[in-house]
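Here's a quick briefing for anyone meeting this structure for the first time. Take a look at the sequence and the model, then read on.

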Amino acid sequence: MSSKEPRWTQTWLGGVRSAGVDLGYPGERLGLPEEGSGSIAGWGRRIAALVIDWMICTWVVVQLLLRMNPAEQPWAPALVFAVQYLILVGFMGQTFGHRLAGIRVAAMDGGDPRWLPALVRSVLLCLALPALIWDRDHRGLHDRVSNTMVVRM
C-alpha cells in the first residue's frame, strides 16, 4: 500500500480481498467441490463451448444445411443457436460444445435442468448481456434467473 494514496482508494482499487474479505473459491457457497467433477466450470471452458456451438450453428447448420448466408440473414444463426441450445440442454443437459469442453448445465439440485429453465436460459444467452453479468460463483445472470449452474463433468 502506498502512503501517498488515501486508505479508501487502496482498499477499493485492490478489491475486497485486499480489505481482508475471504470469498472462498467459486461454488463454495453452493456446496460444490473446488476442483474436479461437479466443480464450477471456469471461463475458459465456457467460452470454448460457446464458440464451438456458435461455429456449428453458423457454418454447419445455417450455411451447409439451410444454404443461407449469415451476412444476409443475421437472425438465422441466433435462431438456430437458441433452438439447438433449448433442445440439447433440455434433453441432455449439455450441447455439443459443452460436451467437448467437459462441462454441463445443471439445476441447483445437481440434476439436469427442466424445460422451462432451459428455455429461459437459451433466450437470455442469445441476448448476450445477461451472460456478461456474473457473481462470484461464476453464475451469469442467465444462470441465476434460470436457477442453473455450469459444472465440470
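Predicted model: local features only at pLDDT ≥ 70, side-chain atom pairs only at ≥ 80, totals over all residues.

Eight residues, I47, V51, M55, W59, V60, L64, L65 and L66, make up a nonpolar patch on the surface.

- M55 sits in helix α2, which covers residues 43–65.

**Around L66**
- Leaving aside residues up to four places away in sequence, L66 touches V61 and V80.
- A76 is ten residues along the chain from L66, and their C-alpha atoms are 9.5 Å apart.

**Helix α3**
- How does the span of α3 compare with what its 18 residues should give? At 1.5 Å a residue, α3 should span 26 Å, and its end C-alpha atoms are 25 Å apart, so the two agree.
- The buried residues of α3 are A76, P77, V80, F81, Q84, Y85, L88, V89 and G90. One of them, V80, is a residue that L66 touches.
- Cover for these buried residues includes α2, α4 (96–101), β1 (103–107) and α5 (115–127).
- After α3 comes G93, which has a positive phi near 85°.

Methods
Residues numbered from 1 in each chain as written. Heavy atoms only, no water. Patch = residues over 30% accessible without salt bridge, like charges linked within 9 Å, V, L, I, M, F, W, Y side chains within 5 Å. Areas by Shrake-Rupley, 256 points an atom, 1.4 Å probe, with all protein chains shown as cover. Salt bridge = Lys/Arg side-chain N within 4 Å of Asp/Glu carboxyl O. Helix = DSSP H or I, 4+ residues; strand = E, 2+ residues; numbered from the N terminus. Contact = heavy atoms within 4.5 Å. Expected span 1.5 Å × (residues − 1). Buried < 20%, exposed > 50% of the residue type's maximum accessible area, 1.4 Å probe, protein only.
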